[in-house]
Amino acid sequence: MAPPDDQRLTSLLLTFYTTARLGQGRLSDNGGPFGFDIFTALQVDFLIDAYSCDGIVETGCFLGDTTEYLANRYRQLPIRTCDIDANSAGATRQRLAGHQNVTVLQGDSAALLPSLLCGLKRPLVYLDAHWQEKWPLRDELTAVREGVVAIDDFYIGHDRFGYDHYDGVRCGPDLVAQALPGVDELFVGNPYAKYPVPCLQTGRRSGTGYLARDLDSGAMARSDLFVRVPLRPEVMMPPWEIYGPPPRKPAEVRA
């Protein structure tokens, strides 16, 4: 990874760490942008710059922690988000009422994606709508035809990083391979990359998967921020033991 210049890194850190964590106490990671994982923020920042993204689409905004960070960090870009829960969408809309670059919709994310993506040629699409009984991820993946896709709560095969599953189906590479038969590879965030700052999230961290849709994946392949996961002829997870020792898990808290 070519580290961001000092001014850009300072701006990113200031925006990230001054964003209110309204999900605190209600989420397993206690909220914050990208689950309070600065490594994910640095990965996304790299991708937005490398692919000259012309907008950001988020599904599953909840109370808007990530949305507010994105709106402040990328003021030059349209930020479009949604949530199926009316209260969450309303809270995020109210929270970001002063941001002219933000649009908040309420409804099923897969159904709303065509509207959210309208007019964008190289969007960064952050898929985080994983909570309700209906899991929209398969339909979301097929709805995004161009741009960079980031999938939250993704299985990366590392014990330190959590992931979602629904009805016995894991949010991970196998699901992507089934949903997108024409896609041969994806990438996952690399916890062993040479990040310019440490991650301060000592609680739950989740993996993130990345796809280049109708774009060259070379930018991800050349960056140590990402590790390639082949999907054909079979899924091959990263052998993390060759990258370095696993990060220390948080110490158990005893009463």
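The legends below describe a set of views of one predicted model.

Figure 1. Along its principal axes, the C-alpha trace extends over about 45 × 45 × 40 Å, and buried residues account for 57% of the 255 residues. Of the contacts that join residues at least 6 apart in sequence, 72% are between residues at least 24 apart.

**Figure 2. The largest nonpolar core, which has 40 residues.** Ile-38 and Leu-124 are the residues with the most contacts inside this core. The elements that each contribute two or more residues to the core are α1, α2, α3 (65–73), β3 (102–106), β4 (123–127), β5 (147–154) and α8 (218–221), and α2 gives the most, with 7 residues. When residues up to four places away in sequence are not counted, Leu-124 touches Val-44, Leu-47, Ile-48, Cys-53, Gly-55, Ile-56, Val-57 and Val-148. A second, separate core of 34 residues includes Val-57, Cys-82, Leu-137 and Val-149.

**Figure 3. The salt bridge between Arg-8 and Asp-45.** Arg-8 counts as partly exposed, at 26% relative accessibility, whereas Asp-45, at 5%, counts as buried. Both residues belong to a network of salt bridges that also links Asp-49 and Arg-73.

**Figure 4. Two further salt bridges, Asp-37 with Arg-205 and Lys-134 with Asp-108.** In the pair formed by Asp-37 and Arg-205, the closest N and O atoms are 2.9 Å apart, and both residues are buried. Asp-37 lies in the loop between α1 and α2 and Arg-205 in strand β10 (residues 205–213), so this pair ties together parts that are 168 residues apart in sequence. The side chains of Lys-134 and Asp-108 meet at 3.4 Å, N to O; Lys-134 is in the loop between β4 and α6 (137–143) and Asp-108 in the loop between β3 and α5 (109–117), so the parts tied together here are 26 residues apart in sequence.

**Figure 5. Asp-29, a buried residue without a salt bridge.** Asp-29 lies in the loop between α1 (6–17) and α2 (38–50), and the nearest side chain of opposite charge, that of Arg-204, is 4.8 Å away. A polar atom of the Asp-29 side chain lies 2.8 Å from the backbone nitrogen of Gly-31. Leaving aside neighbours within four places in sequence, Asp-29 is in contact with Arg-21, Gly-35, Gln-201 and Arg-204.

**Figure 6. Asp-153 in strand β5.** At 7% relative accessibility, Asp-153 counts as buried, and its side chain makes a polar contact of 3.3 Å with the side chain of Ser-206. Beyond residues up to four places away in sequence, the residues that Asp-153 touches include Asp-128, His-130, Tyr-163, Arg-204 and Gly-207.

**Figure 7. Met-237, in the segment after β11 (226–230).** Met-237 counts as partly exposed, with a relative accessibility of 28%. The C-alpha atoms of Met-237 and Ile-156 are separated by 7.1 Å, although the two residues are 81 residues apart along the chain. Not counting residues up to four places away in sequence, Met-237 touches Tyr-155, Ile-156, Gly-157, Pro-173 and Val-229.

Technical notes
Residues are numbered from 1 along each chain as its sequence is written. This is a predicted model: local features need pLDDT of at least 70, side-chain atom pairs count only at pLDDT 80 or more; totals for chains, interfaces and linings use all residues. Side-chain values use heavy atoms; hydrogens and water are left out. Helices (H or I, at least four residues) and strands (E, at least two) are DSSP runs, numbered from the N terminus. Buried means under 20% relative accessible area, exposed over 50%, partly exposed in between (1.4 Å probe, protein chains only). Lys and Arg count as positive and Asp and Glu as negative; His and the chain ends are not counted. A salt bridge is a side-chain nitrogen of Lys or Arg within 4 Å of a carboxyl oxygen of Asp or Glu. A polar contact is a pair of N or O atoms within 3.5 Å; within protein, one must be able to donate a hydrogen and the other to accept it, and residues adjacent in sequence count only if both atoms are side-chain atoms. Contact means heavy atoms within 4.5 Å. A nonpolar core is a set of buried Ala, Val, Leu, Ile, Met, Phe, Trp, Tyr and Cys residues joined through side-chain atoms within 4.5 Å.
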